[in-house]
Amino acid sequence: MEINVLNSVVVVLLCAMTAFISHMGMAVFHDGIRPVIPEYIEGRMHRSEMASVAFGLSVGFIASVGIGNALATNLLNPWLLFLATDIIGIASPKKWIAPILGGLWGILCLTGIGTVNAVLTGVPIDLIGALGQLGTYVVTGFALFPIITIIVQFGMKKGIIAAVVTILFRFVGPMFSTISGDSWTMLVGIILLLAFCIHEDVKNKAHLESDELEGNVFSERVARIRKNLPFLMAAGALIAVACNVHVFAGSDVTMFDLSKAYALGNTAESQAIIHTAAVNEFMRALSFIPLIATTAVTTGVYGVAGFTFVYVAGYVCPNPIVAALAGAVIILVEVMILGYIGKYLGKFPSIRSASDNIRSSMNTCVELALLIGSINASCVMGSSTNVGAAGGFIITALIYLINEATGRKIMRMAIGPIGAIATGLILNILHLVGIVTLL
């Protein structure tokens, strides 16, 4: 991650804007905070109470997923920036204070992560290089989430059918196209999941027009989001630019690939990796539409990154100016069609209900992939010393098992990367005192 004037200005403006729109109740990143904001706006909750909720929901993610992934990839991420600006914005007593504090947080993240990475790069046992193993299986693992969702929502029989069809396309698809096996896995899985949802609702005659999202509350809250469009578009433009200048990655599905691609420079291999990451991010965004759309139209509070298609625009646009325009236009289109999406989801409640299963399945798949990648990274570090690969494995495995045995104080998605980072630090300390030696 290069720190220059452009990157610094973009990050500061981005954090300032997201803190401001959080303070104003226009948009937040954390899905769990979104339903709380109408309680404050409509006078049923004090700002201090809302701030306590936001802090409690987000601080663990910031400390684990946000910081851990930033150190592992040398890229900023939504958990580090946007969860913090959710809290900063909501807790700020005045609307002019929120963007100032948000901008300061951006500076701290930009300089802090770079400084820590510079320090870790200089240690005897290569920590940063080994952490490149973390993302080895993230995209492949993430692509399996539709199958897990089908099993959870529709049972093992349909899940096995989906698994067989998906794996078949994964192996055969790349023979006849340039689309990667992981993209085929995700695409076919999503199509099958939607097909099962629609079939279920048609069979149960649950596809008739639902009035759950109709009425005055629905109309008023969609209108509220549209009223905030200029600010939402500005946030979308800044996010796309941050992705475009290579300081920010939108999700754990793409950040490890992007980190690898940016390290390669402007090469054909780098562009191929970025293209694959963009496809995977697009598929992820499609999968999150039911969740984000439903919470948005029922609360009147949008997502900071919308449906997250702005990430894709940032990755593939040729320069920051085009990325800014694309990000703003994407948010404009999303908000204008938000009401129609809500009505469509009302016709097919199984699709709407699948949003929770989708999110849970995504987390399960990524957790597994990150754990395996973290174990690989630890083994690489251990194999460069006299303790061997097993020595690296045992430290990370012990950290993981202690976390499980003590009630999972650190979420599973973060414990793998944190364990790998801790393993590298422990091995370097043991090397410093003479217990561990380099081969």
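Contact means that heavy atoms lie within 4.5 Å. By that rule, Leu 264 is in contact with Glu 269, Ser 270 and Ile 273, leaving aside its neighbours within four places in sequence. The model is predicted.

**Leu 264**

- Leu 264 is found in helix H13, which covers residues 255–264.
- Its relative accessible area is 35%, so Leu 264 is partly exposed.
- Leu 264 and Leu 332 are 68 residues apart along the chain, and their C-alpha atoms are separated by 34 Å.

**Nonpolar cores**

- The largest nonpolar core has 121 residues. Phe 248 and Tyr 311 have the most contacts inside it.
- Helix H14 (residues 268–299) gives the largest share of this core, with 13 residues.
- A second, separate core has five residues, including Ala 313, Cys 317, Ala 323 and Ala 326.
- Tyr 311 touches Phe 29, Pro 78, Phe 82, Ile 239, Cys 243, Phe 248, Gly 250, Glu 281 and Ala 305, not counting residues up to four places away in sequence.

**Helix H12 against helix H16**

- H12 spans residues 229–244, and H16 spans residues 320–336. Their axes come within 7 Å and cross at roughly 140°.
- That angle makes H12 oblique to H16. Roughly antiparallel would need an angle over 145 degrees.
- The crossing of H12 past H16 is right-handed.
- On the H12 side, the residues that meet H16 include Leu 229, Leu 232, Met 233 and Gly 236. On the H16 side, those that meet H12 include Pro 320, Ala 323, Ala 324 and Gly 327.

**Helix H12 against helix H15**

- H15 covers residues 309–316. H12 and H15 pack at an angle of about 40°, with their axes 7 Å apart.
- That makes H12 oblique to H15. Roughly parallel would need an angle under 35 degrees.
- H12 passes H15 in a right-handed crossing.
- Gly 236, Ile 239, Ala 240, Cys 243 and Asn 244 in H12 meet Val 310, Tyr 311, Gly 314 and Tyr 315 in H15.

**Helix H20**

- Helix H20 has 21 residues, 412–432. At 1.5 Å a residue, H20 should span 30 Å, and its end C-alpha atoms are 30 Å apart, so the two values agree.
- Among the buried residues of H20 are Met 413, Ile 415, Pro 417, Ile 421 and Leu 427.
- Just after H20, Gly 434 takes a positive phi of about 95°.

How values were computed: Residues are numbered from 1 along each chain as its sequence is written. This is a predicted model: local features need pLDDT of at least 70, side-chain atom pairs count only at pLDDT 80 or more; totals for chains, interfaces and linings use all residues. Side-chain values use heavy atoms; hydrogens and water are left out. A nonpolar core is a set of buried Ala, Val, Leu, Ile, Met, Phe, Trp, Tyr and Cys residues joined through side-chain atoms within 4.5 Å. Buried means under 20% relative accessible area, exposed over 50%, partly exposed in between (1.4 Å probe, protein chains only). Helices (H or I, at least four residues) and strands (E, at least two) are DSSP runs, numbered from the N terminus. The expected span of a helix is 1.5 Å times one less than its number of residues. Axes are lines fitted to C-alpha atoms, for helices over the stretch in contact, and angles run from 0 to 180 degrees between N-to-C directions. Angles under 35 degrees count as roughly parallel, over 145 as roughly antiparallel, 65 to 115 as roughly perpendicular and the rest as oblique. A crossing is left-handed if the near helix is turned anticlockwise from the far one by less than a right angle, and right-handed if clockwise.
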